Amino acid sequence: MPDVIMPKMGDAMTEGKVLRWIKQSGEAVKKGDPIAEIETDKVNVEIEAEWDGTLSQILVDAGQVAAVGAPIAFIAQPGEQAADRGDRKMTAEPAAPAAAAQTAPARRTAPAAVEPTPQAGPGTDWIRATPVARKLAEQHGIPLASIRGSGPQGRITKEDVEALIATQEGAPAPPGVAAPSPGAAAPAVGPAAPQAPAAREVPLTRIRATIARRMTESKQRAPHFYVTVGIAMDAALELRRQLNERLPEHRKVTVNDMVVRAAALALVNFP
């Protein structure tokens with residue numbers, strides 16, 4: 001019973017992925033009929049039947065990976081019984097492809113085992129807060145989850161923490177910050193900052209896996225050199241100072257902001 005093997009589509013190819021089966025187990029096939037679509041490191045190709053017969057058994061399901069040369073299916077020729085497959089496989093199949101075929105199901109089930117676990121609750125690391133606000137809250141033993149942020153997207157600012165501290169100590173709120181009303185203790189313990197979305201693993205395509213491998217090899221094996229340029233930032237820093245004098249704390253302009261802005265303007269002229 002002829003084997004359908006994982007083809008070698010390039011010198012560097014060591015394994016391939018079955019994207020889909022065009023023919024299903026038990027279907028009759030003729031020589032030249034496309035029976036499956038394979039994903040390699042660079043392209044997706046259809047493999048054709050090399051004999052007339054019946055696709056008697058599929059060994060590698062769609063989505064599984066198999067080593068080059070490993071059998072992925074069997075085609076029973078006219079007059080050949082499915083029972084003959086066992087004897088042929090035992091005598092003709094090399095040991096290495098057999099091991100690859102046995103490990104293929106483990107590769108397919110591995111991604112399914114990694115399920116995103118729901119977060120038990122909003123941790124401090126996931127709460128939006130400025131570094132100053134985070135440090136100030138830590139110094140006074142105030143959980144960030146108990147503070148309602150007034151910054152962009154609910155970000156907690158230094159003023160929010162100072163307002164809560166002033167309320168707890170009975171002192172007036174800092175200038176420019178509205179002090180919570182006597183019955184407004186609940187808002188301080190209001191909804192916590194939005195929880196970060198649960199992580200989700202997406203298996204790499206063959207070409208993405210190859211790109212990642214090649215980038216790593218390039219960094220490790222190829223000599224690298226770096227070019228640095230000195231830039232006078234005096235005018236930019238003076239502009240930043242003038243802007244920040246008129247902006248609230250949570251909207252201060254950073255040098256990074258200015259570099260990103262300059263890059264965006266340059267890309268408009270040089271797309």
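**View 1. Helices H3 and H4 meet through side-by-side residues of each.**
In this predicted model, Val-132, Ala-133, Leu-136 and Ala-137 of H3 meet Lys-158, Val-161, Glu-162 and Ile-165 of H4. H3 spans residues 131–139. The axes of H3 and H4 come within 8 Å and cross at roughly 25 degrees. H3 is therefore roughly parallel to H4, since angles under 35 degrees count as such.

**View 2. Helix H4 covers residues 158–169.**
H4 has 12 residues. From first C-alpha to last, H4 reaches 17 Å, close to the expected 16 Å. Its buried residues are Asp-160, Val-161, Ala-163, Leu-164, Ile-165 and Ala-166. Residues three or four places apart in an α-helix point the same way, because there are 3.6 residues a turn. Two of the buried residues, Val-161 and Ile-165, are also among those that meet H3.

**View 3. The largest nonpolar core holds 21 residues.**
Val-4, Met-6, Trp-21, Ile-35, Ile-38, Ile-47 and Ile-72 have the most contacts inside this core. Five strands each supply at least two of its residues: E2 (15–21), E4 (34–39), E5 (44–48), E6 (53–58) and E8 (71–76). E8 gives the largest share, four residues.

**View 4. Ile-72 touches residues from several places in the sequence.**
Which residues does Ile-72 contact, leaving aside neighbours within four places in sequence? They are Val-4, Ile-5, Met-6, Trp-21, Ile-38, Ile-47, Ile-58, Leu-59, Val-60 and Ala-66. Val-4, Met-6, Trp-21, Ile-38 and Ile-47 are, like Ile-72, among the residues with the most contacts inside the 21-residue core.

**View 5. Four strands form an open, antiparallel sheet.**
The strand order is E1-E8-E6-E3. E1 (3–5) and E3 are the edge strands, and each pairs on one side only. E1 and E8 run antiparallel and are joined by three bridges. Ile-5 has Pro-71 of E8 as its bridge partner.

**View 6. Lys-30 sits in the loop between strands E3 and E4.**
Is Lys-30 buried or exposed? Lys-30 is exposed, because its relative accessible area is 57% and the cut-off is over 50%. Leaving aside neighbours within four places in sequence, Lys-30 contacts Ala-49, Trp-51 and Asp-52. Gly-53 is 23 residues from Lys-30 in sequence. In space, their C-alpha atoms are 6.4 Å apart.

Note on methods:
Residues numbered from 1 in each chain as written. Predicted model: local features only at pLDDT ≥ 70, side-chain atom pairs only at ≥ 80, totals over all residues. Heavy atoms only, no water. Expected span 1.5 Å × (residues − 1). Buried < 20%, exposed > 50% of the residue type's maximum accessible area, 1.4 Å probe, protein only. Core = buried A, V, L, I, M, F, W, Y, C linked by side-chain atoms within 4.5 Å. Contact = heavy atoms within 4.5 Å. Pairing = 2+ DSSP bridges. Axes fitted to C-alpha atoms, helices over the stretch in contact; angles between N-to-C directions. Parallel < 35°, antiparallel > 145°, perpendicular 65-115°, else oblique.
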